[in-house]
Amino acid sequence: MALSTAPTVATSIHVDQVSVSYAAGKRERKTILDEIDLDIAAGEFVVVLGETGCGKSTLLRMILGQERPTKGAIHVAGRTVERVGAGCGYVPQKYSLFPDRTVLGNLMMGPETAGYHILGRLRPGFRAFRRQVRDKAYQQLERMGLQRSDGDKYPHQLSGGMQQRVAIAQALMMKPKILLMDEAFSALDPGTRTSLQRMLREIWLETRPTIVFVTHNTAEALFLATRIIVLAKQTTGGRSGAKIALDMRLPDAGMSLKHHGQAFLDLVDHIELCSQGFESAVERIANLEGTAR
Ligand SMILES: Nc1ncnc2c1ncn2[C@@H]1O[C@H](COP(=O)(O)OP(=O)(O)OP(=O)(O)O)[C@@H](O)[C@H]1O
Ligand SMILES: [Mg+2]
């Protein structure tokens, strides 16, 4: 068994030999992720791509602490993740707002719960604290391009795009150092999607949180990422489960065809190769890089 390597503080997220498998039938187990090693430094904007079912959401949920690895361990800011921590903001793949709370109620819930226990809310300081949280909630709403009056609406009174803006505002309320976003923009129309991509990039440039962002969209990945990770399923050698087929640092966030020409096109090719399975992708990418030199 591999020895656990001690994570450093500068390493924001340390995924150490992580495997995940589920029972499939009485005796069988289905491996989803197979011995994944991944170090993410503080301030990186990592975009995770990969075929459907290869374990992207599972990886994100493990970093959050919602799910535990079958083998290996995950460390966040130097600590082993054992349960859901307050340090990560999370925008899940499906809409996640509490339906019986207004937008403002949804935004204020996290900070209120973290700041005061139920009994503590009887203390005199709670009213002032609540006012501050409400002001912050309005600021976040406006930042996401929503109106103050939207704060009084319930989730079902909002469009999908508005709900997603609220979900992002909610994740940002606690000013997390780590932001985990699972296909956060996938359900949006192209215009809203572009504007939210720009907004997310601005937030990252301003405060440099560590972001792990899952998407199926290569253009979105190349626009946002400082590093792209592609998971691909193994298909040969008697092993199953996904591994990291491509781990590429980009010269700057916002890689575009205009500024990076051939490098951009090569990367798109490499990402596409990953859909052919782990072994084939690794071999063909190595061959392409060999011929490029
Ligand atoms: N609790 C569970 N029990 C059994 N199987 C599970 C469980 N959670 C996830 N899986 C399986 O693990 C695999 C990976 O799921 P995951 O949701 O992480 O994939 P994904 O890469 O996010 O896919 P998509 O792109 O479709 O969102 C799937 O085959 C799924 O059925
Ligand atoms: Mg998913």
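**Close-up views of the predicted model**

**View 1. At least two residues of the lining of the second largest pocket come from each of β6, α2 and α4 (160–172).** Helices (H or I, at least four residues) and strands (E, at least two) are DSSP runs numbered from the N terminus. The model is predicted, so local features need pLDDT of at least 70 and side-chain atom pairs pLDDT 80 or more, whereas totals for chains, interfaces and linings use all residues. Residues are numbered from 1 along each chain, chains are lettered from A and ligands numbered from 1 as written, and side-chain values use heavy atoms without hydrogens or water. The volume of the second largest pocket is about 580 Å³. It is lined by 23 residues, and those closest to its centre are Cys88, Tyr90, Gly110, Gln170 and Met174. Helix α2 makes the biggest contribution to this lining, giving 7 residues. Sorted by class, the lining of the second largest pocket comprises 15 nonpolar and 8 polar residues, with no charged residue among them. A pocket is an open set of points on a 1 Å grid over the protein atoms alone, where a 1.4 Å probe fits and protein lies on both sides within 12 Å along at least five of seven lines; lining residues have an atom within 4 Å of a point.

**View 2. The largest pocket holds about 870 Å³ of space.** Its lining is made of 34 residues, and Gly87, Cys88, Pro176, Lys177 and Ile178 are the ones that lie nearest its centre. Two or more lining residues of the largest pocket are given by each of α1, β5 (79–80), α3 (125–143) and α5 (190–207). Among the contributors, α3 has the largest share of this lining, with 4 residues. The class composition of the lining of the largest pocket is 16 nonpolar, 9 polar and 9 charged residues. Volumes are the space filled by probe spheres set on grid points joined across faces, edges and corners; Ala, Val, Leu, Ile, Met, Phe, Trp, Tyr, Cys and Pro count as nonpolar, Asp, Glu, Lys and Arg as charged, and the others, Gly among them, as polar.

**View 3. Strand β6 (residues 88–91) is covered on both of its faces.** Cys88 and Tyr90 are buried on one side, and Gly89 and Val91 are buried on the other, where buried means under 20% relative accessible area, exposed over 50% and partly exposed in between (1.4 Å probe, protein chains only). Strand β6 pairs with strand β7 (residues 178–182) in the parallel sense over 4 bridges, two strands being paired if DSSP finds at least two bridges between them.

**View 4. Ser57 (OG) and Gln93 (OE1) coordinate the magnesium ion (ligand 2) at 2.0 to 2.3 Å.** Ser57 belongs to helix α1 (residues 56–64) and Gln93 to the loop between β6 and α2 (103–115), so the pair ties together parts that are 36 residues apart in sequence. Ser57 is buried at a relative accessible area of 15%, whereas Gln93 is partly exposed at 40%. Donors are N, O and S atoms within 2.8 Å of the metal (3.2 Å for Na, K and Ca), and the site may look incomplete because water is not among the atoms.

**View 5. Strand β3 (residues 45–50) has 6 of its 6 residues buried, so it is largely enclosed by the rest of the structure.** Phe45, Val47 and Leu49 are buried on one side of β3, while Val46, Val48 and Gly50 are buried on the other. Strand β3 pairs in the parallel sense with strand β8 (residues 210–214) over 4 bridges, and with strand β9 (residues 227–233), again in the parallel sense, over 5 bridges. The C-alpha atom of Gly50 is separated by 9.7 Å from that of Asn217, which is 167 residues away along the chain. Asn217 itself sits in the loop between β8 and α6 (218–224), where this residue is partly exposed, with a relative accessible area of 28%.

**View 6. Gln17 and Ala77 are shown for their backbone angles: phi of Gln17 is positive, about 55°, and phi of Ala77 is also positive, near 50°.** Most residues other than glycine have a negative phi. Gln17 is placed in strand β1 (residues 11–23) and, at 24% relative accessibility, counts as partly exposed. Ala77 is found in the loop between β4 (71–76) and β5, and is exposed, with a relative accessible area of 54%.
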